[in-house]
Amino acid sequence: MQSSASTINDHPPGSLYDKLRPIAEARMMLKEIGIDPFGTAMENILSPTEAIIHGRHTILVGTNNYLGLTFDADAIAAAHAALDALGTGTTGSRMANGSFTLHRQLEIDLAEFYGVRDCILFSTGYLANLGVLSALGGAQDVIILDADCHASIYDGCKLGGAEVIRFRHNDPQDLDKRLRRLKARAHNAVIVVEGLYSMLGDIAPLAEIVAVKQRYGSCLVVDEAHSLGLYGATGRGVAQAQDCEAGVDFTVGTFSKSLGATGGFCVSQHAELDLIRYASRPYIFTASPVPSVVASTRVTLQKLAVGTHLRENLFARAAQLHAGLQTIGYQPSAAVSPVIAITIKGRLNALNFWNKLLQAGAYCNLVLPPATPSGDPLLRISLSAAHTAEQIDAVLDMFARLHSDYVNANSQG
Ligand code: PMP
């Protein structure tokens with residue numbers, strides 16, 4: 001009997017599935033070498049920094065769990081209470097199927113936390129960028145974005161149909177040049193940057209970018225997905241740390257990192273934010289965040305706001321790892337931050353290195369081109385306030401044992 005399951009090779013060239021052929025080949029290569037960094041299953045989660053992977057105890061250094069709040073007892077209790085009181089799901093969008101009071105409460109919490117007029121919740125950070133950028137940047141508009149911006153920012157631009165211009169990563173002068181060329185259109189241009197960039201762990205010169213934006217009267221959107229809870233006196237992000245929040249028009253963020261859940265938001269001082277709610281397809285046409293997630297996020301947001309001790313521990317561990325890697329002979333891609341990236345040249349070298357590190361007992365992220373800014377594969381590490389100094393020492397020990405692999409990979413071609 002013929003099996004109904006077909007593979008891509010069963011289809012003749014020119015078929016609908018042709019576009020998936022490069023992916024099929026890459027998947028086959030991973031299958032042949034027996035390494036699958038993109039399907040790693042955590043069989044059990046022991047804490048914010050430890051899991052069982054392939055039956056082994058593993059230190060997690062690739063979770064984005066920056067403040068280590070995923071097991072916070074108060075957040076878990078709030079999530080349980082919301083489950084009991086309000087059920088498992090919202091079963092629809094706020095506009096079509098109704099809001100829960102809890103949604104509005106978290107919006108008010110976030111607006112108060114940022115000291116601004118209003119907030120819109122989205123079901124993920126990805127959807128927050130899609131919703132805000134598609135509503136702000138219509139077909140007649142220009143969006144100027146940092147070349148290293150996240151995929152959700154690019155996708156949001158596509159959804160709205162704006163003309164997209166990229167400026168050189170973290171280069172306010174290049175931004176200035178491109179705005180100047182726009183002449184009168186610069187006034188309505190939307191500039192989009194991030195606070196902490198997620199791949200290399202470098203930080204935007206936001207105060208300088210704000211100064212450029214103000215010269216042209218443009219609109220500035222800052223995605224603080226990775227910087228929320230990490231930078232600034234109360235953890236509002238890089239704009240707070242660089243004392244330029246007044247120059248930011250819209251701040252986008254996520255619950256999926258320092259807040260330990262899933263969901264996204266946009267906050268702003270502008271009254272127009274509320275209109276974006278009604279213009280935003282990714283708000284209108286998808287189910288709203290579930291009650292347990294909203295409830296736990298209200299708690300973790302409070303902890304984040306007073307979490308100076310968490311930020312101190314996070315940066316102490318980041319400094320420890322960054323310095324330790326340099327002492328061994330690694331070259332991190334940027335200055336100290338909770339994201340530390342190491343370039344490993346060659347896909348196979350990078351896959352093997354990542355796998356050896358996992359076998360040694362540490363899980364980090366493998367990022368392959370085209371998802372990397374430099375075009376070379378990256379090992380991406382993210383630290384957590386929940387990491388102990390001993391865990392970081394253990395990870396450094398693993399990196400020390402693999403140093404010759406790094407040297408060999410990076411000395412080839
Ligand atoms: N913005 C940036 C800069 C991100 O890195 C990410 C996710 N990694 C997102 C937005 C999307 O966030 P979420 O996981 O909440 O969809």
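Buried residues have under 20% relative accessible area, exposed residues over 50%, and partly exposed residues fall in between. The model discussed here is predicted. F315 has a relative accessible area of 24%, so this residue is partly exposed. Y231, at 10% relative accessibility, counts as buried.

The structure holds ten aromatic pairs. Y231 and F315 make up one of these, an edge-to-face pair with 5.3 Å from centre to centre and 75 degrees between the planes. Y231 sits in the loop between β8 (219–223) and α9 (238–241), while F315 belongs to helix α13 (residues 308–328). The two residues are 84 apart, and their pair links distant parts of the chain.

## Other aromatic groups

F353 and F399 form a tilted aromatic pair, with the centres 6.0 Å apart and the planes at 40 degrees. F353 is part of helix α14 (residues 347–360) and F399 is part of helix α15 (residues 389–401), so this pair ties together parts that are 46 residues apart in sequence. Both F353 and F399 are buried.

One aromatic cluster is made up of F113, Y114, F255 and F265. F265 is also among the residues touched by I120.

## Surroundings of I120

I120 is located in strand β4 (residues 118–122). With a relative accessibility of 0%, I120 counts as buried. Leaving aside residues up to four places away in sequence, I120 touches E107, G264, F265, C266, L273, I276, R277 and Y283.

R180 is 60 residues away from I120 along the chain, and the C-alpha atoms of I120 and R180 are separated by 32 Å.

## Packing of α13 with α15

The axes of α13 and α15 are 10 Å apart and pack at an angle of about 20 degrees. Angles under 35 degrees count as roughly parallel, and α13 and α15 are therefore roughly parallel to each other. Their crossing is right-handed.

On the α13 side, R317, Q320, L321, G324, L325 and I328 take part in the contact. On the α15 side, these residues meet A389, I392, D393, V395, L396, F399 and A400. By class, the contact of α13 with α15 comprises nine nonpolar, two polar and two charged residues. F399 thus has a place in this contact and in the tilted pair with F353.

## Packing of α2 with α12

Helix α2 (residues 73–86) and helix α12 (residues 291–305) pack at an angle of about 150 degrees, and their axes are 7 Å apart. Angles over 145 degrees count as roughly antiparallel, and α2 and α12 are therefore roughly antiparallel to each other. The crossing of α2 and α12 is right-handed.

From α2, the contact involves D74, A75, A78, A79, A82, L83 and L86. From α12, P291, S292, A295, S296, V299, T300 and K303 contribute. The residues of the contact of α2 with α12 divide into nine nonpolar, three polar and two charged.

## Backbone features

The peptide bond from P369 to P370 is cis, with omega near 10 degrees. P370 is placed in the loop between β13 (365–367) and β14 (378–382).

Positive phi values occur at N64 and K183, neither of which is a glycine. For N64, phi is near 65 degrees; this residue lies in the loop between β3 (56–60) and α2. N64 has a relative accessible area of 14% and is buried. For K183, phi is about 55 degrees, and the residue is in the loop between α7 (172–182) and β7 (190–194). K183 is exposed, with a relative accessible area of 69%.

Note on methods:
Residues numbered from 1 in each chain as written. Predicted model: local features only at pLDDT ≥ 70, side-chain atom pairs only at ≥ 80, totals over all residues. Heavy atoms only, no water. Phe/Tyr/Trp six-rings, centres within 6.5 Å; stacked < 30°, edge-to-face > 60°. Helix = DSSP H or I, 4+ residues; strand = E, 2+ residues; numbered from the N terminus. Buried < 20%, exposed > 50% of the residue type's maximum accessible area, 1.4 Å probe, protein only. Contact = heavy atoms within 4.5 Å. Axes fitted to C-alpha atoms, helices over the stretch in contact; angles between N-to-C directions. Parallel < 35°, antiparallel > 145°, perpendicular 65-115°, else oblique. Left-handed = near helix turned anticlockwise from the far one by under 90°. Nonpolar A, V, L, I, M, F, W, Y, C, P; charged D, E, K, R; others polar.
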